[in-house]
Amino acid sequence: MPRHIYGEDDYKSRILQLTKRRYYGEDSQDKAGILRYTKVVNDLIDLDDIPIPSTERELSCLLSFYWQVDQTCSTISELLDHLSEGHQPQPSTLATIQVKTTTALEQGLQLNPANKNLLENLGLTIK
């Protein structure tokens, strides 16, 4: 069993890395990230299965998917430039995204004050 080979902490870390790659890809050029397909039915993916974003790119990728803009954006400001291509998610989805964003910030996601203001333009409350 991998847990016994790697140890519990290392195993969890490896699974998180694989899951993040599955959803976000390694970088904006990586075609492996599921969230790069922004024009699909959002209900196909359980939002609770998507790992908490740890970078601005990952957060922007998550937001791009759920706002259904034409392509995945690498920054929050880029996403705001493309908002007219998509639409705001349903209130229940927005509430879950709010929790993920708050958790990401509590876990160390660093955003400059301008990006925090931009998130508020999306309807997300940032403390």
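This report describes helices, salt bridges and selected residues of a predicted model.

## Helix α3 and its surroundings

Helix α3 comprises 12 residues, and the distance from its first C-alpha to its last is 16 Å, close to the 16 Å expected at 1.5 Å a residue. The helix is mostly covered, with 11 of its 12 residues buried. Among the buried residues are Arg-57, Glu-58, Leu-62, Phe-65 and Trp-67. The cover over the buried residues of α3 includes α2, α4, α5 and α6.

Just after α3, Gln-68 adopts a positive phi of about 55 degrees, in a residue other than glycine. Gln-68 belongs to the loop between α3 and α4 (76-81). Although Gln-68 lies in a loop, this residue counts as buried because its relative accessible area is 13%, and the cut-off for burial is under 20%.

## Helix α5

Helix α5 runs over residues 91-106. The buried residues of α5 are Thr-93, Leu-94, Ile-97, Gln-98, Lys-100, Thr-101 and Ala-104. An α-helix has 3.6 residues a turn, so residues three or four places apart point the same way.

Elements covering the buried residues of α5 include α3 and α6 (113-121). Just after α5, a positive phi of about 110 degrees is found at Gly-108.

## Asn-115 in helix α6

Asn-115 is located in helix α6. With a relative accessibility of 8%, Asn-115 counts as buried. The side chain of Asn-115 is joined to that of Glu-56 by a polar contact of 3.2 Å. When residues up to four places away in sequence are not counted, Asn-115 touches Glu-56, Ile-76 and Ser-77.

## Salt bridges

The whole structure contains four salt bridges. One of them links the side chains of Lys-12 and Glu-8, at 3.8 Å from N to O. Both residues lie in helix α2, four residues apart, about one turn of the helix. Glu-8 is partly exposed, given its relative accessible area of 36%.

A salt bridge also joins the side chains of Asp-10 and Arg-14, with an N to O distance of 3.2 Å. Because these two residues are four residues apart in helix α2, about one helical turn separates Asp-10 from Arg-14. Asp-10 is partly exposed, having a relative accessible area of 31%, and Arg-14 is likewise partly exposed at 36% relative accessibility. Glu-26 and Arg-21 form a further salt bridge, in which the closest N and O atoms are 3.6 Å apart. Glu-26 counts as exposed at 57% relative accessibility, whereas Arg-21 counts as partly exposed at 37%.

## Nonpolar surface patch

Tyr-37, Val-40, Val-41 and Leu-44 make a nonpolar surface patch of about 400 Å². Of these residues, Val-41 is placed in the loop between α2 (8-24) and α3 (56-67). Val-41 counts as exposed because its relative accessibility is 52%, and the cut-off for exposure is over 50%.

Technical notes: Residues are numbered from 1 along each chain as its sequence is written. This is a predicted model: local features need pLDDT of at least 70, side-chain atom pairs count only at pLDDT 80 or more; totals for chains, interfaces and linings use all residues. Side-chain values use heavy atoms; hydrogens and water are left out. Patches are made of residues with over 30% relative accessible area and no salt bridge: like charges are joined within 9 Å, nonpolar side chains (Val, Leu, Ile, Met, Phe, Trp, Tyr) within 5 Å. Accessible areas come from the Shrake-Rupley method with a 1.4 Å probe; for residues, only the protein chains shown count as cover. Buried means under 20% relative accessible area, exposed over 50%, partly exposed in between (1.4 Å probe, protein chains only). The expected span of a helix is 1.5 Å times one less than its number of residues. Contact means heavy atoms within 4.5 Å. A polar contact is a pair of N or O atoms within 3.5 Å; within protein, one must be able to donate a hydrogen and the other to accept it, and residues adjacent in sequence count only if both atoms are side-chain atoms.
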